[in-house]
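Morning, everyone. Please have a look at it on the screen.

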Amino acid sequence: MPKQSAASAAGLPVVKVSPRGATRLKDGHVWVYRSDVAANAVPPGALVSVADERGKVLGTALYSNSSQIAIRMISRDVVPDLSSLLRERIQAAIAYRERVVRDTDAYRLVFSEADFLPGLIVDRYNDLLSLQVLTQAMDAEPVRQTIVSELNERLQPAAIAERVDPRVRELEQLPPRSSGLIHGEKNSTVFSMNGVKFQYDALQGQKTGAFLDQRENYAAAAQYARGEALDVFCYQGGFALHLAPRCSAVTGVDSSRPALEMAEQNAALNGREIEWIEGNAFDLLKDYATSGRQYDTIVLDPPAFAKGKRNLETALRGYKELNLRALKMLRPGGVLVTCSCSYHVSLADFLAMLASAANDAHRTLRVLEVRGQARDHPIMLNVPETGYLKAAIVNVNN
Ligand code: SAH
């Protein structure tokens, strides 16, 4: 039987993609860029049927008329009812976390493309949920209602907060919207991971509140930590608090005062004494290195330096400077935990940067572990953009 045409199959608008776009989809990717999509008059955020140039249906997608990513596939099949598909996908995302997440009541519940829900992020912090909408399609009112109703039915959270990224809304040409509670009234809670407690405020902090992608790396880093430790770019103390039980002294450094205030609350919550220093990490490491300070454990977890392919070289120079200084400050036998969350810096680039920093610092490194993001942030093998976090734990031999 010939394959049905998209229009007759689901009554959806059809978007034709170029041979390059079609090949991308056949290779298992889920995005098609605007340059590979034929001009059309599809409304923003529509559910569309995707076809190749000859009209063969390749699946169903969410359409954006402003993003460079025009097509985000949501299914390889015809989707008769978006609402039931969204509900099924949310249930599957919850079930996946039940299988792969341990020792925490805080984790990413829905990770966009990696949960076949492109443009939707949901994080759980104990009894609170934090939601981010990143595309026109996910912003549509009926879609929002379905998502919120399914999350409420399955998880009965005390509240759901929406965290708005104004830059994303601008790129997607969506009207401005403010962050706030979209269900319930509770906006703060305490969550725990690996036995460490954290204060959570749904309406403050960066991203959706905490860096959950580092959760498994915190536990790994703690295994090797000892002596005097320095957590650089400590934010609310994620690494520092995990290192504290193993170390004689821990210092955390960050440029954000609100982050450090939260870090101090977290330390108190866990009965730990940690020194927090507000400052620019580059300047501080330079001063410390010059004045001959020494540590046994150093963590480097900077923000993404490479925002695009274009500034990769500059980003790698930034990473190298930090790693070089940290390596010079480590005592023999010391441990460096070094991270990059820039997607554009590949693991190979990152390790090459570290090797070059080690050479310049005249240190010999042995790799203890090369790690990535926690398992609740799944990486789609055919969608490399879903993998971004790299963490190397190395021993400084001499
Ligand atoms: N390690 C943290 C996450 C770090 S995110 C965790 O596990 O939770 C990056 C942090 O770097 C942010 O807290 C940001 O405030 C801080 N930051 C950005 N630029 C900085 C700079 N130049 N010096 C010090 N901190 C900086």
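Predicted model: local features only at pLDDT ≥ 70, side-chain atom pairs only at ≥ 80, totals over all residues.

Let me take helix H3, residues 82–100, and helix H5, residues 141–155. Their axes are 10 Å apart, and the two helices pack at an angle of about 40°. By the definition I gave, H3 and H5 make a right-handed crossing.

The next pair is helix H11, residues 312–328, with helix H12, residues 347–360. Here the axes come within 9 Å and cross at roughly 45°. H11 and H12 are therefore oblique to each other as well, and H11 passes H12 in a right-handed crossing.

Now the ligand. How many residues surround it? There are 15, and the closest are Tyr218, Phe233, Asp254, Ala281 and Asp301. By type, the shell around the ligand divides into eight nonpolar residues, five polar and two charged.

Asp254 places a polar side-chain atom 2.7 Å from an oxygen atom of the ligand. With Phe233 the backbone is involved: one of its polar backbone atoms is 2.9 Å from a ligand nitrogen atom. Ser255 also uses its backbone, with an N or O atom 3.1 Å from a nitrogen atom of the ligand. Taken alone, the ligand exposes 580 Å², and the protein buries 87% of that.

Note on methods: Residues numbered from 1 in each chain as written. Heavy atoms only, no water. Near = heavy atom within 4 Å. Polar contact = N/O pair within 3.5 Å; in protein donor to acceptor, adjacent residues only side chain to side chain. Areas by Shrake-Rupley, 256 points an atom, 1.4 Å probe, with all protein chains shown as cover. Nonpolar A, V, L, I, M, F, W, Y, C, P; charged D, E, K, R; others polar. Axes fitted to C-alpha atoms, helices over the stretch in contact; angles between N-to-C directions. Helix = DSSP H or I, 4+ residues; strand = E, 2+ residues; numbered from the N terminus. Parallel < 35°, antiparallel > 145°, perpendicular 65-115°, else oblique. Left-handed = near helix turned anticlockwise from the far one by under 90°.
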